[in-house]
Amino acid sequence: MSHANLIAGEWVKGQDAVPNINPSDTADVIGDYDRASAAQVEDAIAAARAAAHAWARTTVQQRADLLDKVGTEILARRAELGDLLAREEGKTLAEATGEATRAGMIFKFFAGECLRIPGERLGSVRPGIDIEITREPVGVIGLITPWNFPIAIPAWKMAPALAYGNCVIIKPAELVSGSAWALADIIHRAGFPAGVFNLVMGRGSVVGEKLVTDPRIDAISFTGSVPTGQSILAKAAGRGAKVQLEMGGKNPLVVLADADMDTAVRVALDGAFFQTGQRCTASSRLIVEEAVHDKFVGALTEAMRKQVVDDARKPGTTIGPVVDQSQLDQDLRYIDIGQKEGARLVIGGERLNREKSGFYLAPALFDATRNDMRINREEIFGPVASVIPVRDYDEALSVANDTTFGLCSGIVTTSLKKAAHFRRNAETGMVMVNLPTAGVDYHVPFGGRKGSSYGSREQGRYAVEFYTQVKTAYVMQS
Ligand code: ADP
């Protein structure tokens, strides 16, 4: 079945199409997804511009009703959308259904936020004047999304963009166009005016590039890799557009000697390997106090041995395949680099054969690593984690912060004092105590520091910062 782009309220056939392949079973083609031409992206931009004025002037109730309708349909169809997501991305059915649910909740949340767009009224320092500070839409927003959260990331960008009165053009990752297409179909049928929401699928270098460079796009919100994010920043900010970037992580999980060992193993296993380690919040550096090092590595290795790596949609699977051949090659390359750097591969790291032909990789754990090794500096984005032994808490904190990234960090400890100190001193946008670094709520801000993020936060009430612009009005009292 073919899937067209949504431009100016119409389904428009692309210049060509690519098959969407199931990473659990490469013989399974989910469908063909069109690629928009640069001219079609221009049509989408023109349609969004034409719709922007009227859309910005709709009532908050109109927008709230539309977003609520989208959220209701997503939630009603979460099992089916979860199945599609697991089939195209490779996370397990439970993980994928959870993600679809989250997307529905995000639309519901922002339906409510439409009714709570904040403003302020202040007195002037001059007599007889009132000051009113309001938030207005930014205009037309380009959204560029990655493959690892095929429905949640599009949702957490689209919902606030639309809620605050902006028009949207989204370019999803080619590997997972199915979930974005399904979401576009739901939005289209909900009854948004033509041009308010547009879907243009295709290559980053054609479709993405056009969104980034076209002067009619007022803002770009991007989630993806560091090099792509940096090049987008240079181009979009260079022409004066508003930019928000969420990029990689090299997230530390500190395990202290006083940790509850079951908690430490559960938190590390989930954070490092669930969703095949393909989360920007994944715990890739496990920083462990020497006193419990052997016990922790032994227990985590045991827990890893029990994982079932298989078809994402098969009952009993706990870890699905890697998303595609090129990501698998990257994971294997880093597993090789780690060994050449002198790290000890404790378990995993080999390709696995299953009943169906897919990109199966045994989750890999390195031990005896140093923080200056490439496997601990560069984002691998797969089921690969390293143990870095440290003497004490002070060294653990300093190793945790010694990275160019700053998305999320975690600590497992029973010491209130050390947990509080870590929370205050971790140089990351998010910090977890006795919880995995990955796995966040949908109603609170998400984002990082240092090289992980740029611009204001996504999600929760904090999304208002990016998707609106402030106006200060001075009014003479009559
Ligand atoms: P990943 O492949 O890990 O998701 P990328 O940064 O390569 O990370 O891709 C993230 C998103 O950015 C995808 O939708 C991709 O198509 C898009 N993209 C890639 N290159 C460009 C580019 N030069 N300009 C705009 N978007 C791009």
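In the predicted model, Ser-179 has a relative accessibility of 1% and therefore counts as buried, since burial is assigned under 20% relative accessible area. Ser-179 belongs to helix H6, which spans residues 177-190, and when residues up to four places away in sequence are set aside, its contacts are with Leu-84, Leu-85, Glu-88, Pro-150 and Ile-151.

At the level of the whole chain, the domain assignment gives domain 1, made of residues 2-247 together with 452-476, and domain 2, made of residues 251-433. The C-alpha centres of domain 1 and domain 2 are separated by 31 Å, and the contact between them draws 25 residues from domain 1 and 28 residues from domain 2.

The pairing of S1 with strand S5 (residues 25-35) is parallel and extends over two bridges, and His-3 has Tyr-33 of S5 as its bridge partner.

Apart from residues up to four places away in sequence, Gly-14 touches Asn-5, Asp-34, Arg-35 and Gln-40. Between the C-alpha atoms of Gly-14 and Leu-175, which are 161 residues apart along the chain, the separation is 16 Å.

The packing of helices is illustrated by helix H1 (residues 38-56) and helix H7 (residues 204-213), whose axes are 9 Å apart and meet at an angle of about 35°. The crossing of H1 and H7 is right-handed. On the H1 side the contact is made by Ala-38, Val-41, Glu-42 and Ile-45, and on the H7 side by Val-206, Val-207, Lys-210 and Leu-211. An α-helix has 3.6 residues a turn, so residues three or four places apart point the same way. In H1, the contact residues include Ala-38, Val-41 and Ile-45, and in H7 they include Val-207 and Leu-211.

The buried residues of H7 are Val-207, Gly-208, Lys-210, Leu-211 and Val-212. Besides H1, these buried residues pack against strand S8 (140-144), strand S9 (167-171), strand S11 (219-223) and helix H8 (226-238).

Another open sheet of three strands, in the order S6-S7-S21, has antiparallel pairing. Its edge strands are strand S6 (120-123) and strand S21 (468-476), each of which pairs on one side only, and neighbouring strands of the sheet are turned against each other by 20° on average, direction ignored. Strand S7, formed by residues 129-137, runs antiparallel to S21 and is joined to it by nine bridges, with Thr-468 of S21 as the bridge partner of Pro-137.

Strand S13 (residues 251-255) pairs with S14 in the parallel sense, and five bridges link the two strands; among the paired positions, Val-255 has Val-288 of S14 as its bridge partner. Strand S14 (residues 283-289) has seven of its seven residues buried, and the strand is therefore largely enclosed by the rest of the structure.

Two residues other than glycine have positive phi values. Lys-450 has a phi of about 45° although it is not a glycine, and this residue is located in the loop between strand S19 (430-433) and strand S20 (453-454). The relative accessible area of Lys-450 is 36%, which lies between the 20% and 50% limits, so that Lys-450 is described as partly exposed. Gln-459, also not a glycine, has a positive phi near 70° and is located in the loop between S20 and helix H15 (464-467). With a relative accessibility of 1%, Gln-459 is counted as buried.

Terms used. Residues are numbered from 1 along each chain as its sequence is written. This is a predicted model: local features need pLDDT of at least 70, side-chain atom pairs count only at pLDDT 80 or more; totals for chains, interfaces and linings use all residues. Side-chain values use heavy atoms; hydrogens and water are left out. Helices (H or I, at least four residues) and strands (E, at least two) are DSSP runs, numbered from the N terminus. Buried means under 20% relative accessible area, exposed over 50%, partly exposed in between (1.4 Å probe, protein chains only). Contact means heavy atoms within 4.5 Å. Axes are lines fitted to C-alpha atoms, for helices over the stretch in contact, and angles run from 0 to 180 degrees between N-to-C directions. A crossing is left-handed if the near helix is turned anticlockwise from the far one by less than a right angle, and right-handed if clockwise. Two strands pair if DSSP finds at least two bridges between them. Domain bounds come from an automatic or database domain assignment.
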